[in-house]
Amino acid sequence: MERSSKRKKQSEYLVVARRLSKNPVAVISFVVTVFLILIAIFAPLIAPFPYDKQDLMHTRAAPSAQHLFGTDELGRDVFSRVIWGSRYSLSIGILAVLFGTVVGMFLGAFAGYFGGVTDDIIMRFIDIIQSIPGILLAITISVVLGPGFFNTILALSIGGIAMGVRLTRAAILNIRNQEYLEAATSINASTSRIITRHVLPNSFSPILVSSTMSIGNVIMAAAMLSFIGLGIQPPTPEWGSMIAGGRSLIRSAPWMVTFPGIFIMLTVLALNLFGDGLRDALDPKLKK
Amino acid sequence: MIPVIMGVTIMIFTIMYLIPGDPAKMMLGPDSTPEQVAAKRQELGLNDSYFVRLGNYVGGIVLHFDFGNSWVYHTPVTTELLHRFPRTLTIALICILLQIFIGTPLGIIAAVNHNGLGDRISQFIAIFGVSLPNFWVAIMLVLFFSLELRWLPPYGIGGIKYYILPCIALAFPGIATQARQTRSSMLEVIRSDYITTARAKGMSENRVILRHALPNALLPVVTIIGNGVGVLLAGAVVIESIFSIPGVGSYLVGGINTRDYAVVQSSVIFLAIAFALVMLIVDLVYALIDPRIKARFVGKKKRKNYA
C-alpha cells in the first residue's frame, strides 16, 4: 500500500517536470536560478577578492579587467561583493518564505480542518495582518527586532504566514468533504496524521506556486529594508545595503549602484518566470 | 472598519511595545543621569502599565484622531501626518492613474492577441515590472534624467515635474499587476456565450471587445486597485526618502533613523488606516458598478419598474 502510493506520487512530479521542460521560458529561468544558487554556494571560489578587502590606492575605480564591476569608496571589489551578496539575498529570500509558508500551512490547516472558533480566531488575526501593507509590517517588526540576519528573516516571513494560511485554508475547505478524508477518519487515523498525510499534500500546489513567486518579492523587500538602514547592515555585502552605500556616490561611481540592482532584478525575474511556468505546469487547465 | 483600525492599532502598538531597552535612556544618550531618565519616563508616560498605555493610545486615535507627540521633536504627530499626507496621496493617485491607463490597455492587447506576439510582449513587460526593485529604478532614473540629461529635478517638491520621476519609479509593479489581471479576466470573459452572441449579431470586433467584454472583465480588476493602493502607500516610504519628498513615508524613515518610535508607530498605523479607508471605498465602488450587487439593495417594487 505504502509503496504503490509513493510510486504514484513520484510519477505525478515527473509529469509536472516533463511539462515544465517543454516550456522554454521556464527552463531558462530555472537554469538562471540554479546558476545563481551555485554562485551563492561557491562564492568564496568565484569571487576574486575577499568581500571586505580594502585597497585605498584604487578607490572608485571604473570597471576593468581586474575589477569587473569596478571598486567602491574603500577600494573593495564590487564584483566580489555582489557575488558574496547573493548568499545573503538568496538565503534570506528562501528561508523567510520557507518559514512563513510552513507556519502558515499548519495554521491554515488547523483553521480549515477544525472550523468554528479556531477558524475565527486565526482568520481574524490574519485579517489584521493583511490590512497592514506587507512592507510596513516588515519595517515595524524589523525596527523592534533590530538588524541582523535571522531578525530580518523573521520580519519578512510574517507576510508569508498570512498568505500560507489563506491558501491552505481555502484548499482544505475545498477538499474537506471529499471521500478519501472520510475514509481516513473511518479507519481511525489520528487528526495530525490526516492533516499531515492527506490534507496538506493535496493542497500543496497553489502554495508551491505562490511561494516560488514570493521568494522574489521577499528578496526585494529584504533589499529595501537594508536600503533604508534596517535589515542587513554594512559592511556585510547585501545587495540593498550596497545600493544604499553607493547612492551618494552615484555621479562618480555609478557602478556601485548599477550592478547590485541588476543582480536583484535578474534573481527576482528568474524566480517569477519560473513560478509562472510552474503554475502552468501544475495546473494545465489554466493554460487553455 | 472601526474593528480593523482597532485591531491594527493594537497589533502595531503591541509589536512596538516589545522594543528592547529603555526609550527614555536611548533618547537622552549614555551621559544622562538616572534622575533625568526617570523624569523622561514620567513625561512620556512609560511608567504606566501596558494596558493603560494601550488604552490611552488607542482611545486617542479612535476618539480624537490624536497620535500623540514625537519623542524627538515634541511636536504633535497628527499635525505633521495630516500636513504630509496630501503629498503621499498625490503620488499614490498618479500611480493609480498610470496603472489604470497603461496597465489596462496592455492587458486588453494581450488577451485579444492570446498567445500571439502582442500577448508575449505585454506578458513580458508585466513580469518585468514586478521584478524591478523600485528604489533601484528610482536611483537609475535620477542618474539618467536628472544628472545626465538634466531634464528633471533629482529631489524636492515644487511643481508637477518634481513628481514625474517618483511616480514612474513607483508605478511599475502596479502597471504590471493591472495588465496581468486584465488579461486573465478578459480571457475568461471572451469565452462566454454573450460574446459569441455579440459577434454573431455582426458587431465589429472593436465594439465587442470594448462594449461587451471590457466592462465585465473590469469588475474583478477593481478589487486589485484597492490592494494596489496598499502597495503604493508602502512603496512611497522608500521612494519619498530617495526623492526627499516630505510625505508620510519620509517621516517614517526619518523616525527610524532618529529612533523616534512614536513617529514610526503612528506613521505605520496612519498608513494602515488610509489603506483600510481605500479598501472600503473600493468595496463601495464595486457595489455601485456591479449591477448584481446593486440589485440586492433595490426593493422589489423598484425592480418591477426596471422590468
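Reader: How many residues of chain A are in contact with how many of chain B?
Author: This is a predicted model, where local features need pLDDT of at least 70, side-chain atom pairs count only at pLDDT 80 or more, and totals for chains, interfaces and linings use all residues. Residues are numbered from 1 along each chain as its sequence is written, with chains lettered from A and ligands numbered from 1 in the order in which they are written. Two residues are in contact if their C-beta atoms, placed from the backbone, lie within 7 Å. The count is 33 residues of chain A with 36 residues of chain B.

Reader: Which element gives the most to the side of chain A that touches chain B?
Author: Helices (H or I, at least four residues) and strands (E, at least two) are DSSP runs, numbered from the N terminus. Those giving two or more residues to this side are helix H6 (134-145), H10, H11 and H12 of chain A. The most, nine residues, comes from H12(A).

Reader: Why does the end-to-end distance of helix H7 of chain B agree with its length?
Author: The expected span of a helix is 1.5 Å times one less than its number of residues. H7(B) runs over residues 134-148, so its 15 residues should span 21 Å. Its end C-alpha atoms agree with that, at a distance of 20 Å.

Reader: Where is the kink in H7(B) centred?
Author: The bend at a residue is the angle between axes fitted to the seven residues ending there and the seven starting there. In H7(B) the kink is about 25 degrees, centred on B:Val142.

Reader: Which helices do the buried residues of H7(B) pack against?
Author: A residue is buried if 20 or more other C-beta atoms, placed from the backbone, lie within 10 Å of its own, exposed if 12 or fewer, and partly exposed in between. In H7(B), the buried residues include B:Phe135, B:Trp136 and B:Val142. Their partners are H8 (161-190) and H10 (205-242) of chain B, plus H10 (204-227), H11 (239-247) and H12 (255-282) of chain A.

Reader: What share of chain A is buried?
Author: Chain A has twelve helices and zero strands. Of its 288 residues, the buried share is 46%.
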